[in-house]
Amino acid sequence: MEAPVLLEARGIVKAFPGVWEHLILDHVDFDLRGGEVHALLGENGAGKTVLANVLSGFYVATSGVIRVRGREVRFRSPADALKHGIGMVHQENTLVPSLTVLENVELTVRDRNLFGGVSRSTRARLEGLMDRYGLRVDLDRKVENLSVGERQRAEILKVLFWEPEVLILDEPTSALTQLEAEQLLRAIRKMKSDGKGVVFITHRIDEVLQVADRVTVLRLGKKIGTYRITDVTKEQLLRAMLGEFTVPVQ
């Protein structure tokens, strides 16, 4: 029996003022189940990040429908999406460089007026997340003194702190070493085993084949298809990305 659909998007259109002649997203469908890694694959400019921004409340869709556990929603901000259990880790660093990792997380706590920024409570939760997912980072170091990989782990911990059901990772391995990328893929598998739904955005087919259950290929803002990983090869996915081959749709 398949797990329930946590997040569903139907007919998503995104256009920006002055560029209606070329839709950034052209009636794109997407869905994500609990305990699943669903990859978004495509070249630069395919629309992967724009779709992720729509799904996580950073952008409002021009048209289309988003449902969370079958209920239609309309996100007005990332905080609104997070209240519905959807968190996104962006490719760009969003942490305050002059603050420590712990202070960055406490900043979001105070912004939401939940725990009052109590360090002991925040620290304990973060340490538990680090142990569970193997995402080790020094909570007391300033972000400006962290490596790229450490900043990435801190970004993920900041989102996991809010216990989202859906985690969207935008090109999370693009600036990591091979070892750091392997550690992150292990953490993603653990999130999957915990029942979370993970949207894994990338242009790296090898990583998709390693960690994803399904993959949706986008090209120039259009959905080419959604496929089970067991049904496609690396060569077929590459050709689907480039427009040279059509893989039988799931």
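In the predicted model, Lys-158 is buried, with a relative accessible area of 15%. The side chain of Lys-158 meets that of Glu-155 in a salt bridge, with an N to O distance of 4.0 Å. Glu-155 also counts as buried, at 5% relative accessibility. Because the two residues are three positions apart in helix 5 (residues 148–160), about one helical turn separates Glu-155 from Lys-158. Elsewhere, salt bridges with shared partners join Glu-8, Arg-10, Asp-31, Glu-36, Arg-67 and Arg-214 into one network.

The structure holds 16 salt bridges. One of them is formed by the side chains of Glu-36 and Arg-214, at 2.5 Å from N to O. This pair links distant parts of the chain, since Glu-36 belongs to strand 3 (residues 36–41) and Arg-214 to strand 9, 178 residues apart. Both Glu-36 and Arg-214 are buried. A further salt bridge brings together the side chains of Asp-131 and Arg-136, with an N to O distance of 2.6 Å. Asp-131 counts as exposed, at 60% relative accessibility, and Arg-136 is partly exposed, with a relative accessible area of 45%.

Backbone angles were also examined. Glu-171, although not a glycine, has a positive phi of about 45°. This residue is found in the loop between strand 7 (166–170) and helix 6 (178–193). Glu-171 is buried, its relative accessible area being 6%. Leu-220, likewise a residue other than glycine, has a positive phi near 50°. Leu-220 is found in the loop that runs between strand 9 (214–219) and strand 10 (222–228), and with 59% relative accessibility it counts as exposed.

Note on methods. Residues numbered from 1 in each chain as written. Predicted model: local features only at pLDDT ≥ 70, side-chain atom pairs only at ≥ 80, totals over all residues. Heavy atoms only, no water. Helix = DSSP H or I, 4+ residues; strand = E, 2+ residues; numbered from the N terminus. Buried < 20%, exposed > 50% of the residue type's maximum accessible area, 1.4 Å probe, protein only.
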